[in-house]
Amino acid sequence: MLIVKDLNQYYGGSHILRNMSFEVPKGQLTTLLGRNGVGKTTLLKSLMGVVKVKTGSIAWDDQELANLAPWSRVDAGFAYVPQGREIFPRLSVEENLLIGAAKFSSPKSIPPYIYDLFPILSDMKSRRGGDLSGGQQQQLAIGRALMSQPELIILDEPTEGIQPSIIQDIGRCLRRLVDEMGITVLLVEQYYDFAKALSDNYLVMRRGEIVARGIGADMDANGVQEMISV
């Protein structure tokens, strides 16, 4: 599993992550919830090595990752779908996907399960990424992350600015990744109903700290929606 211990992060004089400790069980979907500005994106960038943590431990399958470069974390099994998608607008859908397989020494074809998860990508594989709708770009970003054959996929608010029908498709995809493929998912989300419907486990973040945790089935009973509304 992913084990984070005593993680601290600063921006200038601001203490963003405060002795943060939590676990993400392997083969399950864990949702991290919290209002804007509590440090969620900073946490994900720290997990991926995009920003270097000041102190603390990040371990995956007993391997310490805190001092590794981002590409080494990809080699260890991590994949990241950033907020805003960050696809390459001038490259085709197929080219965007193949970039996700850059860790492999030789070019790879696109495995059929990518197009099975997201049929629209097959229909539009020759179209430029920038010509896709926001929802289609989000599916492309997830597909690109899956091209590295990850064990853990980290997603930063994949429903942001996405139409409801695509949100449902993304939810079904994430559950398939966990239930059928055994991929571990860490999902940062503000859309409470979406998170509740998908989560095996939840974490609530406030002011750089984890203030609540539990199993997804107990989110309503434990007042999670109220926690992220204040």
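Predicted model: local features only at pLDDT ≥ 70, side-chain atom pairs only at ≥ 80, totals over all residues.
The secondary structure of the protein chain comes to nine helices and 10 strands. Its radius of gyration is 17 Å, close to the 17 Å that the globule rule gives for 230 residues, so the chain is as compact as a globular protein of that length. Along its principal axes, the C-alpha trace spans about 45 × 35 × 35 Å. Of the 230 residues, 50% count as buried. Among contacts with a separation of 6 or more, 70% come from residues 24 or more positions apart. The chain exposes about 10600 Å², and carbon and sulfur atoms supply 47% of this area.

Now to the sheet. Strands of a sheet pair through backbone hydrogen bonds, and they can do so either parallel or antiparallel. Here, six strands form an open sheet with mixed pairing, and their order is β6-β7-β8-β3-β9-β10. The edges are taken by β6 (78–81) and β10 (209–215); each has a single partner strand, so one side of each is left without a neighbour in the sheet. On average, neighbouring strands of this sheet are turned by 15 degrees against each other, direction ignored.

Two of the pairings can be followed residue by residue. Strand β3 (residues 29–33) runs parallel to β9 (residues 201–206), and four bridges join them; T31 stands opposite Y202 in β9. Four bridges also join β6 to β7, and these strands run parallel. In this pairing, A79 has I153 of β7 as its bridge partner. Both faces of β6 are covered: F78 and Y80 are buried on one side, and A79 and V81 are buried on the other.

The whole structure contains two aromatic pairs. In one of them, the rings of W60 and F78 have centres 5.8 Å apart and planes at 80 degrees, so the pair is edge-to-face. W60 lies in β4 (residues 55–60) and F78 in β6, so the pair ties together parts that are 18 residues apart in sequence. Both W60 and F78 are buried. Y191 and F194 form a stacked pair, with 6.1 Å from centre to centre and 15 degrees between the planes. Within this pair, Y191 counts as partly exposed at 38% relative accessibility, whereas F194 counts as buried at 7%.

Terms used:
Residues numbered from 1 in each chain as written. Heavy atoms only, no water. Pairing = 2+ DSSP bridges. Helix = DSSP H or I, 4+ residues; strand = E, 2+ residues; numbered from the N terminus. Axes fitted to C-alpha atoms, helices over the stretch in contact; angles between N-to-C directions. Rg over C-alpha atoms; globule rule 2.2 N^0.38 Å. Buried < 20%, exposed > 50% of the residue type's maximum accessible area, 1.4 Å probe, protein only. Contact = heavy atoms within 4.5 Å. Areas by Shrake-Rupley, 256 points an atom, 1.4 Å probe, with all protein chains shown as cover. Phe/Tyr/Trp six-rings, centres within 6.5 Å; stacked < 30°, edge-to-face > 60°.
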